[in-house]
Amino acid sequence: MTPIVRSLLETDLYKFTMWQALLHGHPNTHTEYEFVCRNATAFPLAELKVELEEQLDHLCSMSFADDELAYLRTLRFMKSDFVDFLTVFRFQRKFIDVSTDGDTLLVHAAGPQVHVMGFEIFVLYIINELYFRRFDLDVAMREGRHRLGLKVAAVKEFGKLPRRKHPFEFSDFGVRRRFSGAWHDEVVQRLAHEVPEYFKGTSNVYLAKKLGIVPIGTMAHEYMQSFQSFGVRLRDFQKAALEDWVQEYRGDLGIALTDVVGMDAFLADFDLYFAKLFDGLRHDSGDPVEWGEKALAHYAALRIDANTKRLVFSDGLDLDKAFALYQHFADRIMTGFGIGTNLTNDVGLTPLNIVMKLVRCNGQSVAKLSDSPGKTLCKDETFLAYLRQVFHHPAVQVPL
């Protein structure tokens, strides 16, 4: 068995930042996460069960190395006691189960949130790499390098256009859906070397440390969703989550995620207090132009200079979409673009559209409604109906 996970540091930065905040604020939370593949595959993912089990056994044997812990201590928003916790942390195999239902691969993680929330990213890139190992590596790498070369050239050409008020900046958000660890290394190294004035970092903490570039990330849906079960009124869960974040990071990591119950409901809670405290907003579903215009109108209504804020786009981006969004907004507000699959798994094969999402927290369903119907995963129709009613969110179709 060739191990896929090289380091416990090799996950998204926001896993660490959410982990720290939840450990400090809600250490006794019990959660459940489920794996879902949203698209058709070349062969049944159930065939990967045995190999996935072996890789998870390996993951659960790993610990953080001293130099990795020392690196985390250099990030000013990482608290000493959290890194101390990581010195003794091990993933527990008893908290994650792999099974099959016909051709369907099932992965279910359940246990204390601070022990199971970290599984997500590792499970996703393990499954990706096991899946794509069955294809012709040489053909894929040849096509991947050709496409990467075109992307580098496109960025350089875009850089020749007249300057806008704010610079064009993009980052790698592709660890979870990458073709392989080796290809991820190659992509990030090449971008960091060839277009450093535009490529600003990676969400992969291991690669950020290895290459001396900036780790990027703040929060994901699971952080906000968890607050639906923390005893505050459901109507107030977003405000509670944002307030805890402010108190944990006190000015750092100031990009807020907006689409757990939709942009309109988010802005209703994102009052002058939060709008001043947070540096900007992240888009992850729905029409990005409509979303950005709503954000700009909100800042204007609050009499906040939007040029001091940032909009981060991260929903299914490629460079062409990023260029277009930049041209639309760059004279009015700072922008940032987190590009995932299109950077790390664009090798001529159809990428897997896989996720592993929080579905229950403290024994109750939690959900995101988002601004795109296909991203709602909760199967508890009663809770979904209640959530929609509370936040005046239109009904959406739940995928089977």
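Predicted model: local features only at pLDDT ≥ 70, side-chain atom pairs only at ≥ 80, totals over all residues.
Biologist: Is Lys15 buried or exposed?

Modeller: Lys15 lies in helix 1, residues 13-25; helices (H or I, at least four residues) and strands (E, at least two) are DSSP runs, numbered from the N terminus. Buried means under 20% relative accessible area, exposed over 50%, and partly exposed in between, with a 1.4 Å probe and protein chains only. With a relative accessible area of 2%, Lys15 is buried.

Biologist: With which side chain does the side chain of Lys15 make a polar contact?

Modeller: Lys15 touches Met117, Glu120, Ile121 and Glu222, not counting residues up to four places away in sequence, where contact means heavy atoms within 4.5 Å. A polar contact is a pair of N or O atoms within 3.5 Å; within protein, one must be able to donate a hydrogen and the other to accept it, and residues adjacent in sequence count only if both atoms are side-chain atoms. At 2.8 Å, the partner in the polar contact is the side chain of Glu120.

Biologist: How many residues apart in sequence are the parts that Asp12 and Arg176 tie together?

Modeller: The side chains of Asp12 and Arg176 meet in a salt bridge, at 2.9 Å from N to O; a salt bridge is a side-chain nitrogen of Lys or Arg within 4 Å of a carboxyl oxygen of Asp or Glu. Asp12 lies in the segment before helix 1 and Arg176 in the loop between strand 4 (170-172) and helix 8 (181-194), so the parts tied together are apart in sequence by 164 residues.

Biologist: Which residue forms a salt bridge with Asp252, and is that partner buried or exposed?

Modeller: The closest N and O atoms of Asp252 and Arg76 are 2.8 Å apart. Asp252 lies in the loop between helix 11 (237-249) and strand 6 (255-257) and Arg76 in the loop between helix 3 (66-74) and helix 4 (80-87), so the pair ties together parts 176 residues apart in sequence.

Biologist: Which residues are linked in a network of salt bridges, and how many salt bridges does the structure hold?

Modeller: The network links Arg6, Glu10, Arg178, Asp185 and Lys210. For the structure, the number of salt bridges is 33.

Biologist: What is the strand order of the open sheet of five strands?

Modeller: Two strands pair if DSSP finds at least two bridges between them. Strand 1 (residues 30-37) and strand 10 (residues 354-361) run antiparallel and are joined by seven bridges, and Thr31 stands opposite Cys361 in strand 10. The open sheet has antiparallel pairing and the order 2-3-1-10-11. Each with a single partner strand, the edge strands, so left without a neighbour on one side, are strand 2 (96-101) and strand 11 (364-365).

Biologist: At about what angle does helix 1 pack against helix 11?

Modeller: Axes are lines fitted to C-alpha atoms, for helices over the stretch in contact, and angles run from 0 to 180 degrees between N-to-C directions. The axes of helix 1 and helix 11 are 10 Å apart, and the packing angle is about 100°. Helix 1 is therefore roughly perpendicular to helix 11, as angles of 65 to 115 degrees are so classed, with those under 35 roughly parallel, over 145 roughly antiparallel and the rest oblique. The contact involves Phe16, Thr17, Met18, Gln20, Ala21 and His24 of helix 1 with Trp245, Glu248 and Tyr249 of helix 11, at the angle of about 100°.

Biologist: What is the phi of Asn362?

Modeller: Asn362 lies in the loop between strand 10 and strand 11 and is partly exposed, with a relative accessible area of 38%. Although Asn362 is not a glycine, its phi is positive, at about 55°.

How values were computed:
Residues numbered from 1 in each chain as written. Heavy atoms only, no water.
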